[in-house]
Amino acid sequence: MIGLGGESSLYIHSNSNIVLTTSKDDSQILSEIKKKKLSILPMPNEKIIGSVRNEIVKSQFYKKSSKKINFLFIKSNSAHYDNIDDLALKIFVKSAKKFDKEINFQIKDRYKKKSEIVKQMLKDNLITKKNIVDNKEIFIEKSIINSDICVGTCSSALTKQAFWMKKPIIQLFRQKLYGDQFKSAMAANSEKELDLILKNLLKRKYLSKRILEAKKTYKKLYLTNQNPVKNFYKYLSNVL
């Protein structure tokens with residue numbers, strides 16, 4: 001199954017008869033690969049069924065009520081783009097703390113890992129343990145569902161799962177993420193720009209607008225009005 005994103009073509013198996021994909025976006029990527037003859041190997045046929053994982057997981061977790069706006073910073077691999085994610089985290093924490101009375105924020109590190117930057121920020125008392133999501137949490141969707149806004153750089157959880165959960169996204173240093181730009185995200189390339197975005201999001205009318213836009217983007221790129229589980233079994237029943 002192909003994952004949403006520009007790297008989708010890396011997962012195409014040329015010896016497959018068919019590839020089951022998650023979204024209309026994947027279908028567009030495959031069409032472009034065929035049109036521009038970017039693949040040197042035979043291309044399999046493709047069938048959109050949606051994300052089975054997405055449908056199962058989102059039925060297991062529910063958003064907790066909160067008077068504050070909840071932000072989730074999704075940590076990426078620090079080695080990507082010359083440690084740009086570490087710089088993004090520093091800027092995010094610094095900006096978020098300026099609005100401490102209005103927002104809550106948490107940091108979701110990589111599964112079963114604690115980044116050196118996170119360890120250092122804890123040591124320097126820039127963040128506390130309450131700002132850290134349990135790194136043994138298997139499904140990041142749980143934290144995404146409990147957030148109002150997701151923030152980060154190039155993590156697939158930011159550009160895939162957060163998108164699938166219809167969450168507004170703030171992508172830091174987007175212009176430098178050549179292969180991982182999420183065009184519909186709010187973009188900030190400096191602390192000053194992020195401050196302005198956070199300030200605007202504190203206005204409920206603006207926040208509602210961004211939530212609506214996230215839903216529209218989802219509808220445009222994802223397979224809507226569908227049940228992936230039923231689609232999967234329906235497809236199997238037709239080919240077996």
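Visitor: Before I start, what kind of model am I looking at?
Guide: This is a predicted model, and the residues are numbered from 1 along the chain as its sequence is written.

Visitor: OK, which residues touch the most other members in the largest nonpolar core?
Guide: The largest nonpolar core has 32 residues, and F71, F92, I170 and L172 are the ones that touch the most other members. Two or more residues of this core come from each of strand 3, helix 3, strand 4, helix 4 (116-123), strand 5, strand 6, strand 7 and helix 7.

Visitor: And which element gives the most to this core?
Guide: That is helix 3, with seven residues.

Visitor: What is F71 in contact with, leaving aside its neighbours within four places in sequence?
Guide: With those neighbours left aside, F71 is in contact with F92, I103, N104, F105, Q106, I149, V151, I170, L198 and L201. Apart from the core described above lies another core, of 21 residues, which includes L72, L158, W164 and Y222.

Visitor: Switching to helix 7, which of its residues are buried?
Guide: Helix 7 covers residues 191-201, and its buried residues are L194, D195, I197, L198, N200 and L201. These buried residues pack against strand 3, helix 3 (84-96), strand 5, strand 6 (169-172), strand 7 (186-188) and helix 8 (204-221).

Visitor: Now the second largest pocket: how much space lies in it?
Guide: About 530 Å³ of space lies in the second largest pocket. Its lining is made up of 26 residues, and those nearest its centre are N70, N104, F105, Q106 and K130.

Visitor: How does the lining split by class?
Guide: The lining of the second largest pocket has eleven polar, eight nonpolar and seven charged residues.

Visitor: What does the side chain of T153 make a polar contact with?
Guide: The side chain of T153 makes a polar contact with the side chain of D85, at 2.4 Å. Not counting residues up to four places away in sequence, T153 touches S76, D85, A88, L158, Q171, L172 and L177.

Visitor: Then there is N83; what is its phi near?
Guide: Phi of N83 is near 65°, which is a positive value in a residue other than glycine. N83 lies in the loop between strand 3 and helix 3, and at 39% relative accessibility N83 counts as partly exposed.

Visitor: And N125, what is its phi near?
Guide: Phi of N125 is near 60°, again a positive value in a residue other than glycine. N125 is found in the loop between helix 4 and helix 5, and N125 counts as exposed, with 62% relative accessibility.

Visitor: Last one, where does I33 lie, and how far apart are I33 and M43 in space?
Guide: I33 lies in helix 1, residues 24-35, and I33 is buried, with a relative accessible area of 8%. I33 and M43 are ten residues apart in sequence, while C-alpha to C-alpha they are 9.1 Å apart in space.

Terms used. This is a predicted model: local features need pLDDT of at least 70, side-chain atom pairs count only at pLDDT 80 or more; totals for chains, interfaces and linings use all residues. Side-chain values use heavy atoms; hydrogens and water are left out. On a 1 Å grid over the protein atoms alone, a cavity is a set of points where a 1.4 Å probe fits but cannot get out, and a pocket is an open set with protein on both sides within 12 Å along at least five of seven lines; lining residues have an atom within 4 Å of a point. Grid points are joined across faces, edges and corners, and a volume is the space filled by probe spheres set on the points. Ala, Val, Leu, Ile, Met, Phe, Trp, Tyr, Cys and Pro count as nonpolar, Asp, Glu, Lys and Arg as charged, and the others, Gly among them, as polar. A polar contact is a pair of N or O atoms within 3.5 Å; within protein, one must be able to donate a hydrogen and the other to accept it, and residues adjacent in sequence count only if both atoms are side-chain atoms. Contact means heavy atoms within 4.5 Å. Buried means under 20% relative accessible area, exposed over 50%, partly exposed in between (1.4 Å probe, protein chains only). Helices (H or I, at least four residues) and strands (E, at least two) are DSSP runs, numbered from the N terminus. A nonpolar core is a set of buried Ala, Val, Leu, Ile, Met, Phe, Trp, Tyr and Cys residues joined through side-chain atoms within 4.5 Å.
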